[in-house]
Amino acid sequence: MTMKRRTALKLGVAAAAGLAAPRLALASDVVTIGAVAPKTGPLAGGSNVSHWPNIKLWSTQVNEAGGLNVGGTRKMVEVVEYDDQTNPGETIKAVQRLATQDKADFIVAPYGTGLNIAAAPLFDRYGYPQIAVTAITDQIDSLSSKFPGMFFTLGSTTAFASDVVNVLSKMRDEGTLTGNRIAMVNVADAFGIELAAAGRPLFEKAGFDIVYDTSYPLGTQDLSPVVKAAKAANPNAFIAWSYPPDTFGLTEQAVIEDLKVEAYYTAVATSFPAFGGRFAAAAEGILGAGGVNPDSEAFKAYAAAHEAVTGAKPDYWASATTYSSLQVLQQAIEAAGLDRDAVKEHIRSHSFDTILGDMSFKTHNNNEKYWTVGQWQDGVFHGVASTGRDGAKPVRVKHGWS
Amino acid sequence: MTSLEIRNLALAAIALAVAACLPLYGSDYLKSMGITVAMFTVLATSWALFSGPTHYISLATAAFFGVGTYTTGLGFETLPFWSLIAIAGVLGAVLAALVGLATLRLSGVYFVIFTLGLAELVRQVITWTQNMSGQKGLYVLTDLTEDQLYLMLVGLAALVYLTGWLIGRSRLGFALRIIGDDETVAAHSGINTATAKVLLFMVSGSVAAMTGAILAPRYVYIEPALAFAPILSFQVVIMALLGGVHRLWGPIVGVIPFTLIWETISVSFPSQVTLFLGIAFLVIVYFIPNGFVGLIEKARDWARKREGFA
């Protein structure tokens with residue numbers, strides 16, 4: 001869309017000048033929204049599912065509705081996109097470029113914990129609000145006091161681990177989980193390590209017995225030894241703090257090995273539509289990180305629009321939250337105008353109506369209503385545990401793999 | 001000192017002054033470009049100090065750089081920042097010495113593969129430690145500004161140039177040039193080739209680690225996948241080759257245009273950056289195999305010849 005004009009312009013101008021050419025469009029009639037996230041590199045798989053399509057959907061919808069309502073005038077949204085190649089140095093360069101060369105009015109928060117935090121000092125210096133989505137950390141308090149314009153929407157690491165423990169405790173109380181034996185594995189990378197470290201003491205405190213506890217390196221192709229050893233420990237529940245490739249890999253092996261457990265959990269990417277598509281009936285009853293309320297009218301309308309505009313289905317977790325973060329930004333701009341400090345203050349002090357329900361950031365810039373655990377039920381990934389969200393479904397027992 | 005040397009020294013001093021004053025006159029955008037240029041100048045020049053004369057292609061830059069960022073990440077709360085840079089330098093040198101002693105007897109492609117594996121090895125060791133201890137990514141929250149980091153890099157660059165210049169004039173530099181031309185001849189002339197190579201490798205490893213230590217506060221969040229990204233090693237090699245590794249000032253002649261090309265590609269083709277970078281690599285290797293320095297020298301020779309005929 002806008003890319004072609006920019007490309008043609010800049011090929012000529014920038015190649016000669018060697019530097020990014022200043023934007024030629026007059027800033028008064030459009031609101032420039034900057035966006036930087038991986039289009040290539042290790043995190044591109046996730047950001048191409050959960051991040052970029054939502055920016056496209058949101059900007060398309062805003063412009064079809066006649067633009068943003070800024071102080072009574074309608075202004076169209078123009079998105080300037082950059083690829084950071086999953087490299088924090090590039091994220092920093094791109095945010096700098098968006099702020100100083102493209103004169104972006106607002107910038108969408110980057111993708112991933114590391115890249116968000118690398119960009120935080122620059123968002124702070126130029127006064128941009130940074131409504132981070134895919135930045136799950138236990139440092140929310142200290143980060144938001146250091147960077148007062150940084151907001152968190154997806155929750156903390158401990159909340160994710162503790163809700164898994166809660167779900168299992170509840171199953172045990174109800175008698176659907178018939179024992180205390182837990183096999184726990186994690187990918188040896190940032191988020192996997194954090195979740196395992198948070199989960200281990202919580203499981204023990206809740207009276208569970210971790211009968212198998214191991215880790216595997218990021219990018220491990222052959223996960224059959226992991227699943228075989230877990231099976232040999234004869235657990236009642238299998239918990240994997242996993243990343244996209246191994247979420248698929250472990251589940252494939254679990255099907256092959258016919259791992260008999262009453263609860264089976266894999267973390268990131270269990271909520272991807274591709275996961276349900278890949279495992280179909282075998283996915284039934286699998287627990288995973290995230291979730292939404294897919295029965296809510298707001299989510300249904302969102303999912304339909306997402307598919308119509310981008311040609312792909314949203315995932316059942318970060319997609320809707322990313323879109324909601326843009327709704328928050330939009331509502332704050334329409335209420336407070338283009339003054340970035342006023343927008344930040346507005347976000348901090350108000351409540352917003354999003355497709356996930358109401359969202360606010362009143363304590364430590366942290367949204368306190370979010371989904372933590374979901375489960376594949378009848379071909380859809382339903383939220384089964386959350387902090388403060390309505391519509392959680394009862395958890396089902398995992399019955400075999402077909 | 002000859003008049004030519006005095007002229008070169010004066011030119012270098014002027015260039016350094018212009019670079020050091022960038023925070024005074026540069027826009028924020030120019031400054032952020034400046035920090036990238038300074039970072040790659042330091043890395044590529046120190047890389048070329050070793051790889052230029054010896055023709056050993058090292059892909060270990062990311063390993064040393066990552067060690068430096070972790071030094072800062074682990075120590076910034078307890079130790080003053082300047083001491084961390086020094087510690088990183090020492091750690092980088094020690095790592096380079098260990099690797100050098102083990103591998104510089106290897107030559108050609110074996111050495112390249114080993115250095116490429118080194119970054120991955122160090123990264124996995126750190127990941128393993130984190131996994132054992134439950135330690136997560138490190139948050140390096142400091143009050144250092146981008147200007148300060150930039151000036152430190154420029155200072156480090158000055159140090160690298162000074163070291164390179166001194167080595168070039170020393171017996172060590174002479175020994176390395178002989179090794180590069182023919183290692184067997186060098187050994188037969190009584191040069192301890194292993195020591196010479198290890199010493200130079202230590203210089204380049206130490207500088208890369210210090211660069212990592214300086215830049216850690218800029219990245220704020222340190223985790224293995226980001227600190228040891230292998231692409232860094234390749235960028236450094238490409239930039240140095242684009243400039244030319246036979247002159248001390250060669251790499252910077254590659255770093256500046258390459259940073260600008262990269263920026264132009266990032267701006268103009270945000271969805272195909274990797275593709276166009278790949279094409280840029282091919283074009284560089286195919287059309288300017290001797291780097292810009294080679295082109296400049298060719299042009300000079302040609303101009304001289306013309307004068308001669310006239």
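**View 1. Helix 5 of chain A has the span its residue count predicts.** Helices here are DSSP runs (H or I, at least four residues), numbered from the N terminus. This is a predicted model: local features need pLDDT of at least 70, side-chain atom pairs count only at pLDDT 80 or more, and totals for chains, interfaces and linings use all residues. Residues are numbered from 1 along each chain as its sequence is written, while chains are lettered from A and ligands numbered from 1 in the order in which they are written.

**View 2. A kink lies at A120(A) in helix 5 of chain A.** The kink is about 35 degrees and comes shortly before the proline P121(A); the bend is the angle between axes fitted to the seven residues ending at a residue and the seven starting there. Just after the helix, G127(A) adopts a positive phi of about 80 degrees.

**View 3. Chain B meets chain A.** Here 35 residues of chain B are in contact with 39 residues of chain A (C-beta atoms, placed from the backbone, within 7 Å). Helix 13 (250-268) of chain B is one of the elements giving two or more residues to its side, and helix 13 of chain B gives the most, with six residues.

Note on methods:
Contact = placed C-beta atoms within 7 Å. Expected span 1.5 Å × (residues − 1).
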